[in-house]
Amino acid sequence: MEGDPTLRLRVFDLNCWAIRYLSKRRQERVRLIGEVLQREGFDLVLLQEVWSEQDYNDLKVKLGGYYPFSHYFRSGVIGSGLCIFSRFPILDTLLYQYSLNGYPYMLQHGDWFCGKSVGLVSVWNSASLLLGSHQLHAEYCREKDAYLPHRLVQAWELAQFIRHTSKAADVVLLGGDLNMHPEDVGIRLLRGWTGLRDAFAEATRFEVSGRGRAGCQGTPRASHQPRCLSQGCEDGCTLVPNNCFTDKSELLPFPLGIRIDYILYKAISSFMVKCEELKTTTGAVPGMDVPFSDHEAVMATLHIQRQGQAAGATLSTAEPMLADVVTEARTEVGVGLRVAQQQRYSSGRMAVLALLLLLLQAAAALGALAGLDAGQPFPKLSFCLLAFLAIGILLLATGLYLFHTMEVKMLQGTEEQMRMVLQALQERP
């Protein structure tokens, strides 16, 4: 009922960039992350890119006295990298792996092997909390983003997933690396379709942690124009130029940095959620020459309180702008669909040509065995090498054809879902 004590919830979110053998100073940074989690005593911790299960186990042992409940989400070839630590009992867990995760032949990116996913846990304190940690496909090149259709499919599936799994919860809390700027179509689609609120935009106070900036406290959130102060960026950026692990070339168009890590939330039933304070780290850990990660951490303080009566549906599907967002997203998915269809056609044509070459070789071999070849026989070594090459091309092209066929079907399915939603939005009075 109204007047119940307010639940004060402190949430920590960080993309840890902990890739075994590849991430710089990984073990040292994981140790520093564990120390700050011990010292600060958060209620909920959402971590991404913990791709070594041993790192998770080390954190679990180290943090067991502070966060007695935890879960590691396993998926893909090398794992989702998602894990959650909680002071409250974890009642249930669920992992959803996105239907599109990039391309397996893009080995230098590796997103396909991670099995990008969203991991959900249900926790209980004085309210039922649905807690999610997630990561979407990386951007890599903003000017020519080949993965935009895949990331939009992931954002759409994440939005649908939240809508259908949150009905029994009182509060939904979602944190992680969306790999999207705040005004990108994917984040607008996710927030518009689910009604999730951005903790940075809603926070009463914002400050950059670890620099001792007294002037940050009490900063109003009325204006969202980037303002860079001497000790950190005031617009909540989580990729900043003064981080030694950040690729500076990617930030050339954004000298203040970019914000791609979020804490999103909403109340479902008779509860009200407010973000009292939001903090981010910036650059190196105080007293050290190394930051926690190539991303900055996001820390939010949320107040959850029961209202006198059940809140109405918080879905923002009636907003006029949502139809425009869905239309924009559907257009981008359609572009990706046409590219996937072209790639499928090219792969199929290559497979057919390789098969024809094998058939010609088989006919030539049979002719030679029957004594019909009166000319100089083809060198056996070259003949065998050509046959192996044709077989290799046939297998590769067939695999690509099957992969792009699945990609086409997933894009077609998402476009059809968006079409139906758009029709319902346009028909809404």
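Leu129 stands opposite Val171 in strand E8. That pair belongs to a predicted model. Seven bridges join strand E7 (residues 128-135) to E8 (residues 171-177), and the two strands run parallel. E7 is the place to start reading this structure.

**The sheet**
- Six strands form an open sheet. Their order is E5-E6-E7-E8-E13-E9, and the pairing is mixed.
- Strands of a sheet pair through backbone hydrogen bonds, either parallel or antiparallel.
- Strand E5 (90-97) and strand E9 (197-198) stand at the edges. Each has a single partner strand, so one side of each is left without a neighbour in the sheet.

**E7 and its partners**
- On one side, E7 pairs with E6 through seven bridges, and these strands run antiparallel. Here Trp124 stands opposite Ser128 in E7.
- E7 also pairs with E8, again through seven bridges, but in parallel.
- To get from E7 to E8, the chain passes through helix H4. This β-α-β crossover is right-handed.

**How covered is E7?**
- Are the residues of E7 mostly covered or mostly open? E7 is mostly covered, with eight of its eight residues buried.
- The cover is on both faces. Ser128, Leu130, Gly132 and His134 are buried on one side. Leu129, Leu131, Ser133 and Gln135 are buried on the other.
- Leu129, the residue opposite Val171, is therefore one of the buried residues, since buried means under 20% relative accessible area.

**Helices across the sheet**
- Helix H5 (residues 185-194) lies across E9 and strand E13 (261-267). H5 runs at about 10 degrees to E13.

**Confidence**
- The chain averages a pLDDT of 85, and 88% of the residues score at least 70.
- Where does pLDDT stay under 50? One stretch is residues 211-232, for which the model has 45 contacts beyond four places in sequence.
- Another stretch is residues 312-318, for which the model has 19 such contacts beyond four places in sequence.

Key
Residues numbered from 1 in each chain as written. Predicted model: local features only at pLDDT ≥ 70, side-chain atom pairs only at ≥ 80, totals over all residues. Heavy atoms only, no water. Pairing = 2+ DSSP bridges. Helix = DSSP H or I, 4+ residues; strand = E, 2+ residues; numbered from the N terminus. Contact = heavy atoms within 4.5 Å. Axes fitted to C-alpha atoms, helices over the stretch in contact; angles between N-to-C directions. Buried < 20%, exposed > 50% of the residue type's maximum accessible area, 1.4 Å probe, protein only. Right-handed = clockwise from strand over helix to strand, strands pointing away. pLDDT = per-residue confidence, 0-100.
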